[in-house]
Structures are given as structure tokens and as C-alpha cells.
Amino acid sequence: MPRFTFGEWVESAVDWLQSNLAWIFDAVKAVLGGMYDGVNAVLGGGEPLLLAGIFAVLAFWLRGVVPSALTFVGFALIDSLSLWDEAMATLSLVVVAAVITIAIAVPMGIWAARNNKVSATLRPVLDVMQTMPAFVYLIPGVMFFGVGVTPGVIATIVFAMPPGVRMTELGIRQVDTELVEAAEAFGTTPRDTLTRVQLPLALPTIMAGVNQVIMLALSMVVIGGMAGAGGLGEKVYAAITQLQVGLAAESGIAVVILAMYLDRMTGALNERVSPLGRRAAAKAAAGARRLRFTHYKPGTAVAMAGVVVLALIAGGLNLVGSDDGKNARADGTDIGQGQKINLGYIPWDEGIASTFLWKELLERRGYTTDIKQLDAGPLYSGVARGDIDFQTDSWLPTTHKDYWDKYSDKLDDLGSWYGPTSLELTVPSYVEGVDSLDDLKGQGKKFDGKIIGIEASAGMMGTLNKKVLKEYGLEGEYEVVSSSTSSMLAELNASIKKKEPVVVTLWSPHWAYGKHDLKKLKDPKGAWGEGEQIHTVAHKGFAGKAPAVAGWLKKFELSEEQLTSLENEIQGAGQGKEQDGVRAWLKKKPGLLDELAPLPAGAGGTAQGKDAGKTVDLGYFPWDEAIASTYLWQNVLEDRGYGTTVKQLDPGPLYTGLAQGQLDVQFDSWLPTTHKDYWDRYKDDLTDLGSWYGPTSLELTVPSYVEGVDSLDDLKGQGKKFDGKIIGIESSAGMMGTLNKKVLKEYGLEGEYEVVSSSTSSMLAELNRSIKKKEPVVVTLWSPHWAYGKHDLKKLKDPKGAWGEGEQIHTVAKKDFPQEFPELTGWLKEFELSEAQLASLEVEIQKGGAGEEKRSARRWMDANPDVIDEMAPVGG
């Protein structure tokens with residue numbers, strides 16, 4: 001039977017909705033987020049014990065003296081566990097979700113009770129809503145609304161709605177039909193029959209449905225925590241993933257206290273609002289003989305007066321304490337000025353360590369932070385959407401390859417801060433005869449045929465299943481058990497205690513290697529691939545939002561000793577005290593704060609320019625001197641407090657963008673020859689800020705092993721040696737026009753040679769390939785170029801001067817650039833690099849490789865510490 005691709009249809013539908021109805025999802029997110037923020041501001045903004053008193057007064061009104069006292073004790077316990085903010089965040093989420101759910105469920109239940117067709121239609125829909133695994137609701141929730149409160153609220157509403165609808169319908173249908181008929185016989189309208197007869201009599205059942213809605217909403221807190229909803233759910237989720245039994249117990253108790261309070265209060269509310277409930281309560285109170293005071297309940301007015309008084313006291317205390325810390329950063333370290341930065345992390349040790357490190361660093365620099373623990377999928381989705389600003393635990397190119405491939409166009413890689421890492425299968429050292437992946441074959445029974453893995457979403461799990469097992473012939477013999485990092489570590493710990501054989505997925509660095517005596521199984525076939533780098537990944541535009549933070553992150557690095565000691569400090573601090581561990585670690589490394597997050601002028605850091613804060617849009621085409629100069633200036637400008645963007649374009653679009661004012665400046669105008677056509681066309685809309693390097697030269701070049709060819713004259717008659725081809729670069733380059741129209745003609749090479757237009761990278765690849773094979777090749781090249789340092793080449797002499805005189809490399813900007821950036825204009829007019837400086841900068845960038853240009857330029861600047869003051873002088 002053919003495969004039924006229902007899942008693909010759902011994914012297609014979700015993609016279409018994301019593309020076409022994003023504005024609706026943004027509006028829903030804004031509304032739900034606003035509701036949650038408003039409720040949380042009220043519940044989380046006051047003094048905990050005063051709010052506990054308010055909850056106790058409400059319990060006194062609804063239940064009596066003893067429940068009131070127990071309420072106060074319960075909420076005081078939550079405060080003593082340092083979980084007050086999380087509990088109020090959870091209560092806020094439950095309140096918002098419950099109110100929306102009840103507002104939808106009760107009318108739907110009434111409609112279903114009064115219309116059999118509606119009832120029949122709703123029944124299967126409610127069945128699906130109630131039986132579908134609640135985790136499923138989070139997937140579209142995160143995709144449509146991003147991580148945070150909204151997907152948690154949406155999932156809660158969907159999951160909690162069925163009992164509200166069903167109980168409302170049941171309550172109305174259970175009302176005695178004779179009463180309904182009697183009301184209708186006296187001429188009562190259907191609307192009055194509903195409001196005066198059916199609803200009052202059905203109210204106990206409806207309130208039972210409301211109670212169930214609230215209980216189910218509360219049961220969703222952990223699932224909501226997985227989507228970044230925060231509150232107690234995030235604490236419980238963190239405890240589960242990090243195997244913190246104490247934190248799980250404390251968070252669980254807080255959830256139980258909230259659940260008992262909400263259950264008892266909603267149950268008692270029925271006695272206040274329902275006629276039948278009031279009658280039953282009065283009868284119970286009248287029948288009480290002992291401890292009658294325990295049945296006393298104050299009137300509504302008295303209870304509300306108590307609530308108002310306590311609320312006013314709480315509000316007054318809030319106002320009195322509202323300006324605390326306003327001047328806490330008058331020492332010049334308040335770079336962030338309260339700007340909020342959202343961080344996310346996967347509960348892997350290096351992710352926890354680096355994230356809480358940056359939380360502490362940012363807060364010391366005046367930023368406010370919000371931090372969320374998420375699984376890898378929601379985390380990458382959240383960063384791509386901009387809900388989370390950055391995360392520091394992106395394992396590339398293997399472990400998180402799928403996520404990077406999916407979201408790379410919406411992410412910025414801020415560079416690697418640790419590496420290389422390694423992925424491996426590991427066994428305890430007491431497991432004899434298993435030292436390599438090869439040794440696992442045929443020993444499946446020893447390990448019960450299982451390899452204990454981590455999260456199924458982790459890239460290393462895909463590599464294990466698709467490559468490692470196959471490479472070593474372990475398919476069929478071993479089953480890879482997907483679990484979680486904490487579950488894998490728990491299984492490893494349990495097996496070691498029992499001295500049982502076990503094989504688990506693990507990686508380096510990891511604290512488990514320090515805690516247990518383990519063996520990394522060798523990988524002679526290299527199936528795991530090369531070691532990875534741990535990258536910091538941010539959403540597109542983050543560098544513009546927080547340029548200082550982006551600059552710090554791009555330079556961020558930790559050594560193995562630093563990371564290991566930080567992880568150990570956090571482990572020692574204990575559950576829930578990660579930031580305390582970071583503070584203790586930083587205290588032992590007094591210079592590290594300023595090294596990782598250097599201060600600007602006035603606070604011991606790099607001096608800021610007069611136009612700091614302005615954003616400069618840089619453009620370049622991929623010639624080496626353009627790449628080098630552009631990324632050099634990006635670093636310099638960010639050090640001087642400017643924001644930057646960098647775009648790579650071909651020369652035509654680049655000059656057009658400058659002329660139209662879409663770009664500000666570029667550093668690689670070869671004049672008067674190579675870019676003559678572009679300059680002649682756009683010069684009225686451009687500003688020439690002068691030459692920073694020259695003279696250059698254009699040439700045809702051959703490898704030194706090509707004998708008898710030292711001059712352009714020598715090419716004539718030797719076309720067959722070079723297969724009749726001259727390997728060129730982009731056809732749009734001016735030197736290609738000069739070659740075709742002048743050089744070939746001047747030396748009589750027309751007809752004998754074909755100039756092959758390609759690209760700079762293709763030309764270099766062909767040069768490299770030919771040299772490896774010792775084949776003759778002639779290519780277009782220019783000086784300066786790093787290829788002359790890498791290969792042994794000959795520049796063919798030009799005795800007839802067909803190439804013309806050497807050129808100058810100019811900085812060219814948009815027309816009004818001097819008016820918009822007067823300080824920078826002055827710097828650029830004085831900018832110069834010597835041949836040695838440019839060559840060494842290009843070599844450093846070549847060493848760094850693709851994607852590391854900015855970091856490579858930074859390394860060159862670190863080796864040439866005076867360059868920033870020479871290029872961009874300030875003060876004086």
C-alpha cells in the first residue's frame with residue numbers, strides 16, 4: 001500500500017499559513033502577550049507576603065478561617081523556596097488561558113445544548129482536542145508565534161477547552177424539561193429561559209467544567225515551559241533535563257500549592273454564585289455544632305475591603321522602592337542603559353555555562369536580560385524569528401547542521417568561541433575488550449543491544465544512526481535509544497554504580513569525564529567526522545540592535561581550562577544558582593570581565609567617535625583586497641561605536657547601490673582603468689574619497705615551471721600549449737575589456753587564444769588545479785594578490801605597455817556621504833595601507849577561511865595594535 005503523506009500536507013499547510021497570514025499571528029501574539037504582561041505585572045509586581053495575604057483573604061471569603069491560614073502558609077512557602085516570580089508567572093498564564101477558554105467554551109456549550117447538529121459536529125472535534133498529545137500543539141504554536149508565552153497559552157486553550165464545552169452542554173441538557181416547558185408556557189422568551197432557568201440550574205455543572213478547565217490549564221505548565229513560557233514549567237523542565245531532583249521537588253510542590261488553591265477556590269466559588277450552592281452552604285453551617293467560628297465567612301464587602309487595603313499597601317511599597325538602583329551604574333559601565341537582551345540555551349553544560357556567563361556580563365554592563373531554556377528545535381526557531389537574540393551553543397558543522405540549513409538565511413553566525421570538540425561513543429573503563437567502535441561488533445548482547453542516546457533532534461544522533469552504525473556494521477545489532485541528555489547521564493550513572501556494561505553517546509568537553517572513569521571509543525574510520533566548533537548564533541539584524549554586544553560576542557573565546565573550571569564552579573553552586581557560580585568564577589579571574597566585554601571611552605575601553613551610534617552600510621565585491629579592507633574597517637568602525645552592515649555584490653550592483661544611496665561606501669574602486677565604465681556612468685552621484693593603495697598592476701600570469709614564456713610576446717604561437725585559453729575573471733571587470741580589446745590585439749593573440757570569462761574564485765581554482773598537475777595555464781591576475789605568496793608564479797612582462805599604467809585603489813562613497821559622516825570622511829581620506837600591511841592582512845584572512853573574515857581581520861588588528869588609532873584617530 002502506498003505511503004499516505006498526511007504529515008507532508010500538514011507541513012505544506014503550515015508553510016502556506018506562515019507565508020500568507022503572518023500578520024494575523026503577529027496580532028494574536030500581541031494581544032495574548034499584552035494580556036499576559038498585564039496580569040503578570042499585577043500578580044508579580046507586589047510584595048510577595050502582601051499578595052499572599054490577598055490570596056488568603058479571598059480564601060477566607062470563599063472557604064473560611066482554616067483554608068485562609070493554609071493559603072497564607074502555602075504561598076509563604078513558595079516565597080521561601082525563591083519561586084515566587086515563577087509561580088506568579090505560571091498563575092498569570094493560567095488566568096489568561098482560563099479566561100479565554102471559558103469565554104469560548106461556555107457559549108459553544110450553550111450552542112451545542114440547544115442544537116443537536118452543532119453537538120454532533122463538535123463531539124469529534126473535542127475528542128481530537130482532548131486526546132491529541134499536548135506536545136503536538138506546541139509545534140505549530142512555536143512556528144506561528146515563536147517561543148514565549150503565546151504558544152503556551154494557545155496550547156493550553158486547545159487542551160483545556162473540551163471539558164468546558166462538554167460540562168456546559170451537559171449542565172443545560174440536565175435541567176428538568178418540565179421546568180423549561182413551564183417557563184415557555186408562561187410566555188418566557190428563549191433568551192430569558194436560558195438566563196433565568198437553565199443557566200442558574202446548570203451552574204453547578206458549568207462551574208465543575210470551569211474547575212476542570214483551570215486544572216488542565218495548570219497541568220500544561222511544564223509543556224509550556226518547553227516552549228519558553230517561563231514560570232514553574234521552565235523550572236520543572238530544567239530540573240528534568242538536568243536531572244536536578246531537588247529543584248524538581250521544590251518546583252513540583254509550588255505547582256501542587258497553586259493547583260490546590262485554584263481547585264478549592266473555584267469549587268467554593270460555586271457556593272457563592274449558585275443558588276443551589278448557597279443553600280447547601282447555609283445548611284452545612286447551620287448544622288455545625290463545634291468550632292462554629294471555623295465556618296464563618298465574611299461578607300463580600302468586608303472581603304473586598306481587605307483586598308483593596310492590602311493592594312494599596314503593596315502598591316505603595318512598590319512606588320517607594322521604584323527608584324532603587326536608578327543610579328547604580330553612574331561609574332560609566334552602563335553601556336546597555338536597560339536595553340533588554342533575550343538569551344536562550346539548550347541544557348548542555350557548555351550551553352548553561354556560557355549563557356549564564358553572558359547573562360552576568362551583560363547585566364554588569366547595564367543591560368537587562370531574559371533567559372529561556374529550550375530544546376534545540378524551538379531554540380533555533382526562536383532565534384530565527386527574533387524572539388531570542390542569541391544563543392551560544394551551536395555545534396557546527398555537524399550536530400546542528402539540520403537546524404542551520406533550515407534557518408541559516410535568518411541567522412547570523414557570530415563566530416566560534418570554543419573548539420575543536422569531539423563526538424564519541426563512550427563506555428565505562430571497567431568494560432574490557434571494547435576500546436574502539438570496531439570492538440562493538442558482535443558484542444550487542446553485552447550491552448542489551450542498546451546504545452543510550454540523547455535528544456532525537458540532536459545532529460549527532462542523526463550522524464550516529466545514518467553513518468556511524470553503518471560504517472562499523474552495527475545496524476540491526478544495536479538500537480539507538482533516544483532520550484535526553486539528563487536521562488543518558490542518569491543511565492550512565494546507574495550502570496556505573498552497578499558495574500554494568502553500558503555504551504552512551506557523549507562529547508568533549510563534558511564534566512562526566514571528570515566525574516567517572518570512562519573510555520572514549522576510538523573512531524579509526526573517522527565516521528564521526530572532524531571535531532566541531534561551538535558557535536554563537538544570533539538573529540539577523542542583532543548587530544544593528546546591539547552593536548556593542550555583537551562586537552563582544554564576535555571576539556568571545558574560552559580556553560578548555562576556562563570552560564572546564566566555569567562548568568565545575570556552576571556544578572558546585574548547585575541547582576538554581578548558576579549565576580552565583582558564574583560570579584564566584586569571575587571573582588577568581590579579575591581581568592576577564594573587561595577582556596570579554598570591554599568598556600568604551602571614559603570607562604577604560606576604546607575611544608568612541610563623534611558620530612558613534614550611526615550605522616554605516618559597507619559594500620564589496622569578492623576581490624581579496626576588497627574583503628580585507630572592508631572587514632578591517634568594519635572592526636575599526638564598531639570599535640569607534642558605529643553600527644555596520646556588510647553586503648557582497650558584483651561591481652555593477654555595487655556601484656548602482658552607491659549611486660542610489662542604498663549603500664554608503666566601498667573600498668575597492670580601481671581607477672582610472674578597471675572601473676572606468678562604472679565611474680563614468682555614476683560619477684555625478686558618487687564621492688571619491690581618495691586612494692588608499694597603489695600603484696597596482698594588471699597582468700597575465702603563468703606558473704614558474706612554464707618555460708619559455710616570460711613576456712606577453714612569448715605567448716604568440718604557443719596557444720596549443722595552453723589549450724588556446726586564457727582563464728579570466730568576471731566579464732564585467734574592466735581588465736577583461738582591456739584584455740580583449742587591447743592586449744590581445746597589441747600582441748597579435750586574437751584568434752589564437754579564447755578569453756574564458758568565469759569568476760575570481762573559478763580562475764584561482766583552475767590555477768590551483770593546473771599547478772597540482774604541473775599543467776601549463778595562463779590566467780588574469782593583478783598585484784597585490786595573495787596568490788603570489790602561495791604559488792611560485794611569473795608575471796608576464798608587458799613591453800608594449802598594453803595594460804596601461806598601474807592604477808590606484810580608491811574609496812568611493814555615495815554623494816552626500818561627507819555631510820552624513822563628516823568624521824568618517826576625514827578618516828577615509830587619510831587611509832593608507834602599505835604593500836606589506838595589505839599582504840599580511842590578506843594572508844591572515846586566507847588562514848581564517850570563509851566565514852571568518854571579520855575575526856581574521858580582528859586577529860590582524862590585535863597583532864598591529866596601533867592601527868586603529870592611525871586609521872581612526874579621536875580626541876586630541
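Is Val256 buried, partly exposed or exposed? Val256 is partly exposed, because its relative accessible area is 44%; buried means under 20%, exposed over 50%, and partly exposed lies in between, with a 1.4 Å probe and protein chains only.

Some ground rules. This is a predicted model, where local features need pLDDT of at least 70, side-chain atom pairs count only at pLDDT 80 or more, and totals for chains, interfaces and linings use all residues. Residues are numbered from 1 along each chain as its sequence is written, and side-chain values use heavy atoms, with hydrogens and water left out.

Back to Val256. It sits in helix α13, residues 245–273. Helices are DSSP runs of H or I, at least four residues, and strands are runs of E, at least two, numbered from the N terminus. Leu218 is 38 residues from Val256 along the chain, and their C-alpha atoms are 9.6 Å apart.

Next, Lys725. Its place is strand β16, residues 725–727. Lys725 is partly exposed too, at 35% relative accessible area. Leaving out residues up to four places away in sequence, Lys725 touches Tyr753, Glu754, Val756 and Val778; contact means heavy atoms within 4.5 Å. Val778 is 53 residues away in sequence, with 7.5 Å from C-alpha to C-alpha.

Last, a helix pair. Helices α9 (residues 177–185) and α10 (residues 190–219) have axes that come within 10 Å and cross at roughly 165°. Axes are lines fitted to C-alpha atoms over the stretch in contact, with angles from 0 to 180 degrees between N-to-C directions. From α9, the contact uses Leu179, Val180, Ala183 and Glu184. From α10, it uses Thr193, Val197, Gln198 and Leu201.
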